[in-house]
Amino acid sequence: MLKAAGVILILFGCGGLGWHAVLRHTARIKMLAELEQALQYLYGEIEYSGSDMMELLDRLAARQGYFGDLWKNMGDCLRSYDGKGFFYHWKRELHKLGTAGYLKRGDMELLCSIGENLGNMDRQTQLHTLEIFQVRLREILLQARQEYGEKVKVSGIVWITAGLFLALVLV
Amino acid sequence: MDKVKQMGRKEEICHILAVRFRKLLDFSSIDFSKLQEIRLRVGAPFLIVYGGKEFFLDPAGRFTSEADKAFVVGQREIRETLEYISNYSMYAFDEELRQGYLTVQGGHRVGVAGKMIWEGRQAKSMKNISFLNIRLAHEVQGCADDILPYLVREQGIYHTLLISPPRCGKTTLLRDLIRQLSDGDSSRGGMTVGVVDERSELGACYLGVPQNDVGCRTDILDGCPKVEGMMMLVRSMAPQVIAVDEVGSGEDVRAMEYVMNCGICLLATAHGISIDDIKNKPVFGRLVKEKIFGRYVLLQPGAVGKIQAIFDERGSILFSGTRGKELQGRHAC
C-alpha cells in the first residue's frame with residue numbers, strides 16, 4: 001500500500017515538474033508576445049506623436065502584464081534624475097524583474113540591447129532601430145511558437161519517464 | 001518671489017541639470033528668482049547671468065569673475081543635461097533641435113548648438129551638442145498694468161505692436177497683456193484671446209498645459225508657425241484678440257493684415273530699436289505709413305521691461321519713459 005502511494009507521489013511530483021516546464025514555455029511565449037506589442041506601441045507613438053520615454057513608460061506600465069514592473073520602475077528611476085543613464089537603469093531593472101526567469105539568455109540579451117538603443121537617437125534612427133528589434137523579436141517568437149508543441153511533448157515524456165524510472169529505482 | 005514659487009522654480013531648473021551642476025548651484029545658495037541664464041560650453045567655465053550680470057561659479061559654488069578659477073564644464077555633463085532636458089528622448093525633439101532650442105517644464109528655453117546635419121538646404125538634425133544656453137522664463141504679473149489703459153478702447157483694443165531689441169522683456173510684457181485682456185477686471189470684461197505660440201514662450205505649454213498664467217479666456221496654438229496659426233485661430237476659435245510674438249517676415253505681415261481685416265484685434269511684438277527703425281523695415285514700413293497699428297509700445301534698449309514711449313498711429317507720443325515710469329509689476333514671480 002505504502003509502495004503504491006510512493007509510486008503515485010513520485011509520478012505526480014515528476015508530472016508536476018513537467019507541467020511546470022510547460023508553463024515556463026507558455027510564459028516565455030506570452031512575454032515575448034507582450035514585448036512585441038510594447039515595441040509596436042513604442043514605434044507607433046514615437047512615429048506619430050513623438051511622445052517622450054517617460055510618458056511612454058507610464059502608459060506601458062498602466063497595461064501591467066509581465067513587464068509592468070519594468071516599465072513602472074524605469075519611469076520611477078528616470079524621474080530620480082540621479083546622473084545614471086537610461087541603459088544603467090534598464091539593465092538593473094531588467095535583472096530585478098521577477099518574471100525574467102521565464103526568458104532565455106538570448107531573449108535577455110535582446111532586451112538588453114533594446115534598452116541600450118532607446119531614447120538617445122533622432123527620430124528616424126530610433127524608428128529604424130525599433131524596426132530591427134521588432135524583426136528579431138518576431139523571429140524569436142515564431143521559433144518559440146513552432147517549438148512549443150514539441151517542447152510540451154518532450155517535457156511531458158521526459159518527466160513522466162523520469163518519474164517511472166525513479167519509481168522503479170526507489171520502490 | 002515667495003518661497004514656494006522659488007522652490008518650484010529651483011526644482012524645475014535642477015531637474016534639467018546634470019548632478020554636478022546641481023551640486024554647484026546648491027553650494028552657491030543662489031536666489032533662483034535672480035537667475036536669468038545658465039551658459040554651458042564644453043571645456044569652458046560654468047557661467048550664469050545673475051541679476052543682470054555675468055558670473056562664473058567655482059567648484060565650490062562661489063561666484064567668481066576669474067575664468068581660470070571657475071568650474072569647467074565637461075562633455076559628459078552636457079550629455080547628461082541633454083538627457084534630462086529631453087526626458088531621455090532625443091528623438092522627441094527633432095524639430096526643436098532643427099530650430100536650435102527646446103522648451104522645458106516651467107517655460108524655460110534651452111538653446112542648443114553643435115554640429116548641424118544638413119539634407120540639401122534643410123537642417124536635418126544636430127549632433128555633438130556642446131553648447132547650451134538655459135534661459136529662465138520670467139513671468140512678471142502686473143508688468144503691463146501701466147500700458148494697458150493706452151491700448152484699450154471702446155471696442156476691444158487698438159492693434160498694437162510692441163517693439164524692442166532682444167532681451168528687453170517684450171515677450172514678458174506681451175504675456176501679461178494677454179493675461180489681463182483675457183481675465184478682464186471690474187471695469188472691463190474679459191476678451192477671448194488666441195495665442196500663436198510658435199516657440200512655446202508665451203504659454204510655455206508642457207504636455208499641452210500652459211505653465212504661465214495667460215488668462216482664463218485664452219486659447220493657445222502651441223508650436224505652430226505664426227502664419228498658419230493665425231489663420232487657424234480665426235477660423236476655429238473665434239478670438240477677439242490674436243497675439244503673436246516676434247513677427248518679421250512678409251508672410252507674417254500678410255497674415256496679420258488678414259487677421260485685422262477679419263475684425264480681430266492684433267497684439268504683436270517685433271525686433272527694433274525705434275519707430276524709425278520699424279518704418280525703415282521693408283515689411284513694416286507700409287503698415288506704419290498706412291496707420292494700420294493704433295499703438296506702438298517701445299521698450300527701452302539696454303534695460304529690461306522699461307517703457308521708453310507709447311505712440312499712436314500718427315506717431316504722437318502718448319506716454320514717455322522720461323517721466324521715469326518703469327514697469328516693475330506688482331509682484332515678480
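Leaving aside neighbours within four places in sequence, B:Ala309 is in contact (heavy atoms within 4.5 Å) with B:Tyr296, B:Val297, B:Leu298, B:Phe319, B:Ser320 and B:Gly321. This is a predicted model, in which local features need pLDDT of at least 70, side-chain atom pairs count only at pLDDT 80 or more, and totals for chains, interfaces and linings use all residues. Residues are numbered from 1 along each chain as its sequence is written, chains are lettered from A and ligands numbered from 1 in the order in which they are written, and side-chain values use heavy atoms, with hydrogens and water left out.

Stay with B:Ala309. Its place is in strand 17 (residues 307-312) of chain B. Strands here are DSSP runs of E, at least two residues; helices are runs of H or I, at least four; both are numbered from the N terminus. B:Ala309 has 5% relative accessibility, so it counts as buried. Buried means under 20% relative accessible area, exposed over 50%, and partly exposed in between, with a 1.4 Å probe and protein chains only. B:Ile147 is 162 residues apart from B:Ala309 along the chain, and their C-alpha atoms are separated by 9.8 Å.

Now widen the view to the domains of chain B. The assignment, automatic or from a database, gives domain 1 (3-135) and domain 2 (140-332). Their centres, taken over C-alpha atoms, are separated by 29 Å. The contact takes 11 residues from domain 1 and 9 residues from domain 2.

What lies between these two domains? The second largest pocket does, because both domains give residues to its lining. A pocket is an open set of points on a 1 Å grid over the protein atoms alone, with protein on both sides within 12 Å along at least five of seven lines; a cavity is a set where a 1.4 Å probe fits but cannot get out; lining residues have an atom within 4 Å of a point. Grid points are joined across faces, edges and corners, and a volume is the space filled by probe spheres set on the points. The second largest pocket holds about 980 Å³ of space. It is lined by 36 residues, and B:Phe93, B:Glu96, B:Thr103, B:Tyr206 and B:Leu207 are the closest to its centre. Its lining divides into 13 nonpolar, 12 polar and 11 charged residues. Nonpolar covers Ala, Val, Leu, Ile, Met, Phe, Trp, Tyr, Cys and Pro; charged covers Asp, Glu, Lys and Arg; the others, Gly among them, are polar.

The structure holds 2 cavities of 30 Å³ or more.

Finally, the packing. A nonpolar core is a set of buried Ala, Val, Leu, Ile, Met, Phe, Trp, Tyr and Cys residues joined through side-chain atoms within 4.5 Å. The largest core has 80 residues, of which A:Trp71, A:Trp90, B:Ile38, B:Leu40 and B:Phe46 touch the most other members. Helix 1 of chain A gives the largest share of this core, 11 residues. Another core, of 32 residues, lies apart from it and includes B:Ile163 and B:Ala268.
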